[in-house]
Amino acid sequence: MSTSVALLVGLGLLLANGAFVAAEFALLAARRSKIEALAEEGSKAAGHALAGLREISLMLAGAQLGITMASLGLGATAEPALHAGLDAVLAGTAIPRPITAVASLVIALGVTIFLHMVVGEMAPKSWAISHPERSALLIARPFRWFVRLLRPFIRFLNGLSNVLVRAAGVEPQDEVAQVHAPADLVLLLEESARRGRIDVDEQALLTRAIDLSGLDAEAAMVPRPDVVAIAADASVDEIERVASASGRSRLPVHSGDLDDVVGVLHVKDVLAIDPDDRDRLNAGQLAGPAMLTPESRPVEELMLDMRSRRQHIALVVDEFGSVTGLVALEDLLEELIGAFEDETDRRRSLRRRADGAVMVPGSLRPDELATHLDIRLPEGDWETVAGYVIARLGRLPEVGDAVDGEECRLEITRMDGHRVLEVAVRPAS
C-alpha cells in the first residue's frame, strides 16, 4: 500500500473513530423523551435512535468494538505511513541517519496520537454532549447498520461482559434508567434555576409540588383540639358568635362531639336567612354534607377529591373511626404556593426571642422546620416537632423539658394540659 493511500485510509479510520465516540456519548446523553416525541411525529432517524436506546447495552458494545477496530487500524496504517514519509524527507538532509530515524518515528507517533485523541476522541465527545439529540439523530441510522451487520459477534462479546458483571454482583441493564426519585427532581429543578432555564419562583412552586406528594392528610391537618366546631342545636345567634370569635367561615356541625358529625355549615348561609326564620332554625338544619377522609389519604389525591366534590374542608378520620383533625383546602394550597393569611390560617407564625431562640408551634412539621430554619430533625415515627420531643423524652413532657439533637436544642416553653403548644429552638453550638 502506497504512503498516500495509507494516509487516506488512516484519515477514514480517524473519522470513523470519531463517529463511534459520538454515537456512544449521544446514546448516553440524549433525552429519551425528546427522541420519543420526534419518533411519534414520524421522524425515521428518531425511530432508529429510539431503537438504539431500547438496547443500550448492545449499542454501547458495538460502539466500543468500532472504536477499538478503528484505533487498531489507525495505528497499523497511518502511523507507519507517516513514519515512512517523514523518514524519507529527513533522510535527504544533513542530519545523521540514526537521528532522523528516531526523529521520524517520534514525530509520526506523536502526530498520530494527537490526532487520535483530539479529532477521534475529544472533539466528537464534546459535540455529542453539547448536542445529544442532534448527534443521536445524525448517527443513529449508519451506526445501527454497523451493529446489525456485526450483531452476532457483538452479542457474543456483550454476553461475556455480562457474565463478568454478574460475577461482580451487578445485574446488567439493556436500557438507561429514565426514572427519577423526588429528591433527584428537586436537584434537577435547582440546577435548571441556577442556569436560568426556569424562574426562581417556578422552581419554588415545582419543588413544593414535589414535596406535597410525600404528605398525607394526617400531616397536613389541623389537629382536633384546634378544630372550631358547633353543636347541631346551636341557634343562629350562637353560630354568628362562634364564627365572629374564631374567624372561621366554615364550621363542622356535630351532635355531642366531633365523632358524631352532622355536616358542615357555611356562615354565608346564616346571612341569607330570613329574619322571620332565625328563631326556628339551628346549625343542624343549615349544615350541608361533610366530607370525611382517612389519615393516610395522600394530599394530592385529597385535593382532587375536595375539588370534585366542591368541598373546602374535610374531616380526617383514623383507623378506629374517630375524627382526629380537619384539612382545609387553603392549608393544602399553602403547601403548594406558600403561606397566606385567611380565616382558616393555622397561625404557625415563628417569632425570635431576645436570646436568639426561635419560638415555633409544637404542631409544626419537621419539613416546615427545615424550610423556615434550615434545621432538620432525624427521620422517625413522628409528625410534628412536639412528637419528636416526646419520642426523645419517652414520656409526657413538662414545661422546661429539653432535648438535644444533632442540629438544634428543643425546649418546651408552653403547654395546654398534656399538649405541647410552643417549643424554643436553638441551633446546636
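## Valine 147 and its contacts

Setting aside neighbours up to four places off in sequence, that is, within four places, valine 147 is in contact with Leu58, Met59, Gly62 and Ile154; contact here means heavy atoms within 4.5 Å. This is a predicted model, where local features need pLDDT of at least 70 and side-chain atom pairs count only at pLDDT 80 or more, while totals for chains, interfaces and linings use all residues. Residues are numbered from 1 along each chain as its sequence is written, and side-chain values use heavy atoms, with hydrogens and water left out.

A nonpolar core is a set of buried Ala, Val, Leu, Ile, Met, Phe, Trp, Tyr and Cys residues joined through side-chain atoms within 4.5 Å, and buried means under 20% relative accessible area (1.4 Å probe, protein chains only). Helices are DSSP runs of H or I, at least four residues, and strands are runs of E, at least two, numbered from the N terminus.

## Where α4 crosses α6

The axes of α4 (residues 56–91) and α6 (residues 132–149) come within 10 Å and cross at roughly 90°. The axes are lines fitted to C-alpha atoms over the stretch in contact, with angles from 0 to 180 degrees between N-to-C directions. That makes the two helices, α4 and α6, roughly perpendicular, a label for angles of 65 to 115 degrees.

On the α4 side you'll find Leu58, Met59, Gly62, Ala63, Gly66 and Met69, which meet Phe143, Arg144, Phe146 and Val147 in α6. Sorted by type, the residues of this contact are seven nonpolar, two polar and one charged.

Which residues of α3 are buried? They are Ala46, Ala49, Leu50, Gly52 and Leu53. They sit on the same side of α3, because they cover an arc of only 155° around the axis; the arc is that of the directions from the helix axis to the C-beta atoms. Their cover includes α1, α2 (32–40), α4 and α6.

Helix α17 (residues 385–393) has Val385, Ala386, Tyr388 and Val389 as its buried residues. An arc of only 160° puts them on the same side of α17. Among the elements covering them are α16 (366–373), β10 (402–404), β11 (408–416) and β12 (419–427).

Note on methods. Angles under 35 degrees count as roughly parallel, over 145 as roughly antiparallel, 65 to 115 as roughly perpendicular and the rest as oblique. Ala, Val, Leu, Ile, Met, Phe, Trp, Tyr, Cys and Pro count as nonpolar, Asp, Glu, Lys and Arg as charged, and the others, Gly among them, as polar. Buried means under 20% relative accessible area, exposed over 50%, partly exposed in between (1.4 Å probe, protein chains only).
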